[in-house]
Amino acid sequence: LSLALVVAVCAFSSLGGGTAVAAEPDPIRIYVDEYAEGQVMSHVARHVIESEYDIPVELKMVAVGPAFLGVANDERSLFLVAWLPRTHGAYMDRVGDKVDNLGELFDGARLGWAVPSYVPEEQLASISEMKKPAVVDKLGGRIQGISAGAGLMQVSRETIDGYGLDDDYRLITASSAAMTAALKRAIDNKEWIAVTAWSPHWMWERFDLRYLDDPEGLLGAREHVDAIASPGLAESAPEVHAMLKRMHYTLEQINTMLVNAEQTSYEQAAETFIDEHPQVIAQWTG
C-alpha cells in the first residue's frame with residue numbers, strides 16, 4: 001500500500017499536481033566590448049533588469065562587429081555602445097534594418113588621437129604635423145591603438161591614409177588596457193606618445209592629455225552613443241524595452257562611473273551609481 005501511495009503521489013506531481021513552479025524567463029544577453037563606458041553601462045543595465053523585472057541577464061564579451069551581428073540575429077539581446085553616426089556607422093549600415101535603435105544613452109562622445117600635454121604644441125598640435133621628420137622620430141613611427149575590430153581603429157586607419165602617414169607610422173593593435181598601460185609608461189618617462197583616444201574615458205581624469213587637431217575631420221565630429229536591441233525584445237520583454245528607451249546619462253555621470261571603475265571595478269562602479277542615483281533609476285523604470 002505504501003508503495004502504491006508513493007507511485008500515486010509521483011504521478012500526481014508529474015501531471016501538474018501540487019505547488020506550481022513558474023518557469024524562469026529566458027535571459028537577456030547584453031553584448032559588451034572593451035569600451036569602458038559600455039562596460040559600466042552594461043553592468044548598470046544588468047542590475048536594473050534583474051532587480052526590477054526579475055529577468056536574468058548574461059553579459060557576453062565580444063568585439064564590436066560580432067556585437068552588432070549578435071543583436072541582429074538574437075531574439076533577446078542588447079548592445080549599449082553604438083557610437084553614431086561615424087564610429088560604428090559601417091556596422092550599423094549592415095544591420096540597421098534588423099535591429100531596434102532605442103535612442104541616445106548620452107551625448108558628447110568624441111574620438112581622436114591624443115598626446116600628453118608636455119608634448120610642445122609648437123612642435124605637434126595637429127595630425128597634419130605628424131609628417132615632420134622630427135615628430136616621426138620622437139613618436140618612434142608608432143600610433144598606439146586598441147583592438148583591431150574597434151570602430152576607432154577603422155577610422156584611424158582611414159585617417160592615416162587621408163593624411164599620408166602610411167610610410168611613416170604603424171598603427172599598433174592592442175587591448176584598451178594595453179593602450180593605457182603604454183600611455184602611463186610613456187608619461188612616467190616623459191616620452192612622446194600618440195594614442196587612439198576617446199571621450200568619455202578615465203584616462204582624461206588620470207593623465208594630462210590633449211587631442212591633436214584634425215583639420216580634415218577624418219576622425220569625425222561629436223558623436224552620440226545609442227542603445228540597440230533585437231527587434232523581438234519589445235514583444236518578449238516590453239517593460240525592459242520601455243525602460244531602456246528611458247535610460248539616459250549625463251556626461252558627468254559617465255565620467256564619474258569611469259573613474260570609480262578604474263579605482264575599483266566595473267561592477268562596483270555600477271552598484272555605486274545605482275545606490276547614489278535612486279531618482280534616476282526611478283525615472284528609467286517609470
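Which side chain meets R46 in a salt bridge? The notes below start there.

1. That partner is E267, at 3.0 Å from N to O; a salt bridge here is a side-chain nitrogen of Lys or Arg within 4 Å of a carboxyl oxygen of Asp or Glu. The pair joins distant parts of the chain, with E267 in helix 12 (residues 266-276) and R46 in helix 2, 221 residues apart. R46 counts as buried at 17% relative accessibility, whereas E267 is partly exposed at 35% (buried is under 20% relative accessible area, exposed over 50%, partly exposed in between, with a 1.4 Å probe and protein chains only).

2. A word on the model: it is predicted, with local features needing pLDDT of at least 70 and side-chain atom pairs pLDDT 80 or more, while totals for chains, interfaces and linings use all residues. Residues are numbered from 1 along each chain as its sequence is written, and side-chain values use heavy atoms, leaving out hydrogens and water.

3. The structure holds 7 salt bridges. Another one pairs D74 with R29 at 3.6 Å, N to O. D74 lies in the loop between helix 3 (64-73) and strand 3 (77-84), and R29 in strand 1 (residues 28-32), 45 residues apart. D74 is partly exposed at 22%, as is R29 at 25%.

4. R86 and E158 also meet in a salt bridge, at 3.0 Å from N to O. R86 sits in the loop between strand 3 and helix 4 (89-95), and E158 in helix 6 (residues 151-162), 72 residues apart. R86 is partly exposed at 29% relative accessibility, and E158 is partly exposed at 41%.

Technical notes:
Helices (H or I, at least four residues) and strands (E, at least two) are DSSP runs, numbered from the N terminus.
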